[in-house]
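Here are a few exercises to work through with the model open in your viewer. Try each one before you read its solution.

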Amino acid sequence: MGMPTYCYNTMMCFPAGMFFSLVKPYFDKIFLKNDIIWVLGTGVVFGLFYYFGTVREKSVIFYTLWAIFAAFLVLFITMKVKIQNSILDWFGHHVFSIYILQRLPMNTLQYFGLNESHKYAFLLISFVSTIVIAVIFDALMEKTDSLIYGRKKKAAEPPAEITAEA
C-alpha cells in the first residue's frame, strides 16, 4: 500500500506476545526447571535472533522473526537476571503517560525549528519536558480517580480468599 516498512514490520510481535501469554505456564515449567535447560533455550533463541538479524533485510518475514526473537531473548535473560533500578522503576510507573505525551514537546520544538538548528538541545528539552508533563499528568489522573472513585488508586491486592488464608 506504499507505506514505509516501519508501519508493519513488527506488527506480528503483538500476536506472538499474546500466544506466549497462553503458553507461559508450560514455558515456565520447562525453562525454570534448571539452569542448563535455561542456558540451552537462551542459546537457541540467541542463535535464531542472530541468524534472522543477518537476513532481516531480505524479507519482511525475516525482519518480523528477528524482532520476535529479540523480544524472546529479553524475556529469557530477564527470567534469571533481575534488573532492579529505581530510575527504571520510576519510568515503569510512568510509562503510559510518557508514551502518550512525548510528542507534545517534540512537535512544539519542531515548530520553532530547534530540531534542525540544535539537535542535542532539542533532545534534552524534549526529554525533560516530557518527564515534567508526565508527572503533572499522572498527578492529575490520580486526583481525577479520587474524585470519581472516592479513594486513591492502590496497587493491585490479592483476592480475598488468598489474604484470608495468610
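## Exercise 1: a pocket and its lining

The second largest pocket is lined by Phe91, Ile98, Gln102, Met106, Phe122, Leu123, Ser126, Phe127, Thr130 and Ile131. Keep in mind that this is a predicted model, where local features need pLDDT of at least 70 and side-chain atom pairs pLDDT 80 or more, while totals for chains, interfaces and linings use all residues. Numbering starts from 1 along each chain as its sequence is written, and side-chain values use heavy atoms, with hydrogens and water left out.

Task: sort the lining of the second largest pocket by class.

Solution. Start with the rule: Ala, Val, Leu, Ile, Met, Phe, Trp, Tyr, Cys and Pro are nonpolar, Asp, Glu, Lys and Arg are charged, and the others, Gly among them, are polar. Sorting then gives 7 nonpolar, 3 polar and no charged residues.

## Exercise 2: two helices

Task: work out how helix 4 (residues 86-93) lies against helix 8.

Solution. First, take the axes (lines fitted to C-alpha atoms over the stretch in contact, with angles from 0 to 180 degrees between N-to-C directions). They come within 11 Å and cross at roughly 60°. Helix 4 is therefore oblique to helix 8; the label is what remains after under 35 degrees (roughly parallel), over 145 (roughly antiparallel) and 65 to 115 (roughly perpendicular).

Next, list the contacts (heavy atoms within 4.5 Å). Trp90, Phe91 and His93 of helix 4 meet Phe127, Ile131, Val135 and Asp138 of helix 8. By class, the residues of this contact are 5 nonpolar, 1 polar and 1 charged.

Conventions
1 Å grid on protein atoms, 1.4 Å probe; cavity = no way out; pocket = protein on both sides within 12 Å on 5 of 7 lines; lining within 4 Å. Helix = DSSP H or I, 4+ residues; strand = E, 2+ residues; numbered from the N terminus.
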